[in-house]
Amino acid sequence: MYKEFYGLTEKPFSKTPDPRFLYMSSGHQEALARLEYAVEESEIALLTGDIGCGKTTISRALMDRMGESYHFMFVFNPRLTADELLRVIASGLQVNEPSLQKDQLLKEITTALYRLHGEGRVPVVVIDEAQMIPDRELFDELRLLTNFQLDDRNLVSVIIMGQPELREMLASPVYEPFRQRISLNFHLAPLGLEETLEYLDFRIVAAGGEPGLFSPDAVQRIYELSGGVPRRINAVATNALLIGYGKDAALIDASIIEETAAELLA
């Protein structure tokens with residue numbers, strides 16, 4: 001369909017978190033650099049941002065950048081009990097049939113961590129959508145993971161990612177012990193207008209096309225509709241390409257974006 005019409009080899013605004021399509025705004029660059037440092041130091045890091053700002057994609061890019069010396073484990077649904085979380089982590093550490101008894105489960109995790117250390121690999125636990133964590137006990141277990149350590153460093157790194165309300169939740173005094181263990185925190189803001197233009201061009205080029213497909217007035221309208229949030233930009237841009245294809249429009253201008261807005265808001 002529109003791919004061939006616009007000279008694209010792939011869909012430029014897919015929803016999947018493909019690092020090849022990660023536009024590195026100044027905020028994304030700083031977030032990735034900080035997370036890389038936290039992982040190298042085996043610390044706890046906190047990354048927040050609005051829905052669709054690219055947190056998950058950054059975590060995938062981080063995994064690719066760190067290489068095979070780091071063993072990443074992703075927890076995408078943290079609505080778990082503390083014991084369930086530990087079993088998920090144990091499974092990620094390649095423990096076969098993790099124990100239902102907590103004391104034995106902790107021994108299994110300890111053994112697995114030292115095994116990975118002996119292999120020269122650092123485990124990294126990534127908790128996504130952490131604002132959904134149901135209670136303080138689970139945060140306590142995450143904090144206690146940093147007790148697995150050698151004399152000079154921790155044996156595991158933990159990255160906590162979530163929406164802005166996660167910061168509000170962690171501001172409560174009951175989470176003070178956990179906050180003290182966070183060595184790095186960063187909030188990922190939406191893109192600005194100029195970055196929105198660069199984002200659109202970057203995605204189009206990454207998909208095999210040519211920059212400049214979206215006119216300046218179209219970019220302005222996309223920015224207004226999306227608030228600079230990449231996931232919203234993707235939705236508007238995809239629909240604009242479909243409408244533009246249907247009109248045989250070689251350039252996406254503001255009038256096409258207005259039609260897109262009407263469809264998205266309908």
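Student: Which residues of H3 does H2 meet?

Tutor: This is a predicted model, numbered from 1 along each chain as its sequence is written, where local features need pLDDT of at least 70 and side-chain atom pairs count only at pLDDT 80 or more. Totals for chains, interfaces and linings use all residues, while side-chain values use heavy atoms, leaving out hydrogens and water. Helices (DSSP runs of H or I, at least four residues) and strands (E, at least two) are numbered from the N terminus, and contact means heavy atoms within 4.5 Å. On the H2 side we have His28, Ala31, Leu32, Leu35, Glu36, Val39 and Glu40, and they meet Ile58, Ala61, Leu62, Arg65 and Met66.

Student: How many residues of that H2 and H3 contact are charged?

Tutor: Ala, Val, Leu, Ile, Met, Phe, Trp, Tyr, Cys and Pro count as nonpolar, Asp, Glu, Lys and Arg as charged, and the others, Gly among them, as polar. The contact of H2 with H3 has eight nonpolar residues and one polar. The charged count is three.

Student: Is H2 oblique or roughly parallel to H3?

Tutor: Axes are lines fitted to C-alpha atoms, for helices over the stretch in contact, and angles run from 0 to 180 degrees between N-to-C directions. Under 35 degrees is roughly parallel, over 145 roughly antiparallel, 65 to 115 roughly perpendicular, and the rest oblique. H2 (26-40) and H3 pack at about 50 degrees with axes 10 Å apart, which makes the pair oblique.

Student: At roughly what angle do the axes of H9 and H10 cross?

Tutor: These are residues 193-206 for H9 and 216-226 for H10, and their axes come within 9 Å. Leu193, Thr196, Leu197 and Leu200 of H9 touch Val219, Gln220, Ile222 and Tyr223 of H10, giving six nonpolar, two polar and no charged residues. H9 is roughly perpendicular to H10, as the axes cross at roughly 110 degrees.

Student: What is the volume of the largest pocket?

Tutor: On a 1 Å grid over the protein atoms alone, a pocket is an open set of points with protein on both sides within 12 Å along at least five of seven lines, a cavity is a set where a 1.4 Å probe fits but cannot get out, and lining residues have an atom within 4 Å of a point. Points are joined across faces, edges and corners, and volume is the space filled by probe spheres set on them. The largest pocket comes out at about 360 Å³.

Student: Which lining residues are closest to its centre?

Tutor: The pocket lining has nine nonpolar, nine polar and eight charged residues. Of the 26 lining residues, the closest to the centre are Gly52, Cys53, Gly54, Thr57 and Arg231.
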